[in-house]
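Notes below, in the order I looked things up.

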Amino acid sequence: MMNDILLKNAYGLFIDGKWKVKNSKLLVLNKYSQEVIAEISIAEEQDVNASVAAAKKALNTSFSPYDRFRVLKKASELLLEQKEGLADVLVQEVGKPLTESIGEVERAALTLEISAEEAKRIHGEGVPIESAPGSENRKAMTIRTPVGVVAAITPFNVPLNLVCHKVGPGLAAGNSVILKPAEETSLSALLLAEIFEEAGLPAGRLNVLTGEGAEIGGYLTSNQEINMYTFTGSPRVGQIIRESTGIRKVALELGNNSATIVHRDAAIKESAVAAAQKSFNNAGQVCISVQRVFVHQDIYEAFLEEMIKAAKALKVGDPADASTNIGPMIAAKEAIRVENWVDEAISQGAQLQVGGKRDGVFYQPTILTNVDQEMKVCRNEVFGPVVAVDTYREEDEVIEKVNNSEYGLQAGLFTNDLSFAMKAAEKIEVGGLIINDTSGYRVDHMPYGGVKKSGTGKEGPKYAMEEMTEEKLIVFQS
Ligand code: NAD
């Protein structure tokens, strides 16, 4: 099944509705076995320029809102029909456990379905300009028009659904999209292009360029025909894109060192199990992974005991095995980086409660206590299966600790204390605060995006489409 999928067209570039196989190739590894599972083409500057030209040309062909709805809906259905094969690809190219991989395909299908629905709801608003003295004989409204050519650059960790979060709204809003997926995990994006082809997407509306990020990214950002860049990935690359695109539109979905507060009235076992699950799923390689937990002193010991128990119950191993909870990290060098940060924290006084071991590309689920918020495992984004558990006594103290971060994507707060929840809602500096769950909660139609170094702009198809359209004012005079 998998070979059929991988060997079809999955190693070419997708430009102007055609597959173009290049001589220079990038190897895609199975992240568990480290075997090569595919060779994909490396795009050159001429391919980037051909994609931009095709994308621009496609904007002149009719693609009505209802046609966009039909294509996106069909693509969503095809994704579901191919759920098992696509999940298998995610298991291999990401190392994501099977149940999570199936969940990602289902969510990707939903993201496209929501985008399809939103394609029928693009609208501006009436503007009461007649209320201005001298404008009594005028009426005005706004309309939303596509920005044009959108370049989408995506990360390795959720390669199918995060691609759908850009391609879905981009197409629904009437744009043409040029997609540059992460080099480690480009296969699922190429398979998605095949699905769009089968769903009847007009040529040039979606182009997929694979290869090295820095090189293709440079060609993309220097091409002045591109109207908008939508990027999900690291703050380092986000900054490069922001600085190299001048005054063009840029949406950035970046990293975080997400905090979750467990207040003294929280349900101890439930919150501990949820925190462990969201610290370690996808081996901690999730932008809203629980990385910093702040537990009220009154329940700290009991919470820690439950969280350690939950972490120890997680099965680390082959992601293709349905009973596995935690698979390999994306690359051995990332596991080594995590190992170094944990070792450094321990040398600085942190206490290892569980985990702390690396085996090749695997890193064991790790809980640290007695941490200092200046340690790398707290201050930086770990993007690995490591969580630092700290304590607090006062509400204002913990709010300050959460805000003592360069990042601000999402945070969690377990409490039924309404006044604390209200205070936290106002004061915690994040794009989203999740009450009675961890920072790791997300459904695909909610507005999602960060403040501070976590980025600018929102995703969730409705919100992404606001970013991917221009609001144009029309004034009528009688
Ligand atoms: P990354 O920044 O290394 O790579 C992301 C993409 O950028 C890849 O496609 C890569 O090829 C490309 N790229 C690399 N250099 C480039 C350059 N100079 N110009 C243009 N593009 C370039 O990130 P990653 O390691 O793939 O993903 C992990 C990061 O993504 C973490 O920081 C994580 O928090 C973040 N992330 C954020 C969200 C969110 O929604 N906020 C979601 C998932 C991941």
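Before anything else, my working rule: I call it a salt bridge when a side-chain nitrogen of Lys or Arg is within 4 Å of a carboxyl oxygen of Asp or Glu. I also kept in mind that this is a predicted model.

**Entry 1: the salt bridge**
I checked Arg107 and Asp444 against that rule. Their closest N and O atoms are 2.7 Å apart, so the pair counts as a salt bridge. I looked for others between domain 1 and domain 2, but the count there is one. For polar contacts between the two domains, I got seven residue pairs, both partners at pLDDT 80 or more.

**Entry 2: who lines the domain 1 side**
Next I asked which elements give two or more residues to the side of domain 1 that touches domain 2. They are α4 (83-94), α5 (98-119) and α6 (161-172). I noted that α5 gives the most, with six residues. By type, the residues on this side split into 11 nonpolar, nine polar and eight charged.

**Entry 3: the domains themselves**
I went back for the bounds. Domain 1 takes in 5-254 + 455-477, and domain 2 runs over 259-444. Their centres, taken over C-alpha atoms, are 31 Å apart. I found 28 residues of domain 1 in contact with 25 residues of domain 2.

How much area do the two domains bury between them? I read about 2100 Å², with 56% of it on carbon and sulfur atoms. On the domain 1 side, Tyr32, Pro97 and Phe156 supply 25% of the area buried against domain 2, more than any other three residues.

**Entry 4: the ligand**
A side-chain N or O atom of Glu183 is 2.4 Å from one. For Ser234, the distance from a side-chain N or O atom is 2.6 Å. Lys180 has a polar side-chain atom 2.7 Å from a ligand oxygen.

Technical notes: Residues are numbered from 1 along each chain as its sequence is written. This is a predicted model: local features need pLDDT of at least 70, side-chain atom pairs count only at pLDDT 80 or more; totals for chains, interfaces and linings use all residues. Side-chain values use heavy atoms; hydrogens and water are left out. Domain bounds come from an automatic or database domain assignment. Contact means heavy atoms within 4.5 Å. Buried area is the accessible area (1.4 Å probe) that two parts lose on being put together, summed over both. A polar contact is a pair of N or O atoms within 3.5 Å; within protein, one must be able to donate a hydrogen and the other to accept it, and residues adjacent in sequence count only if both atoms are side-chain atoms. Helices (H or I, at least four residues) and strands (E, at least two) are DSSP runs, numbered from the N terminus. Ala, Val, Leu, Ile, Met, Phe, Trp, Tyr, Cys and Pro count as nonpolar, Asp, Glu, Lys and Arg as charged, and the others, Gly among them, as polar.
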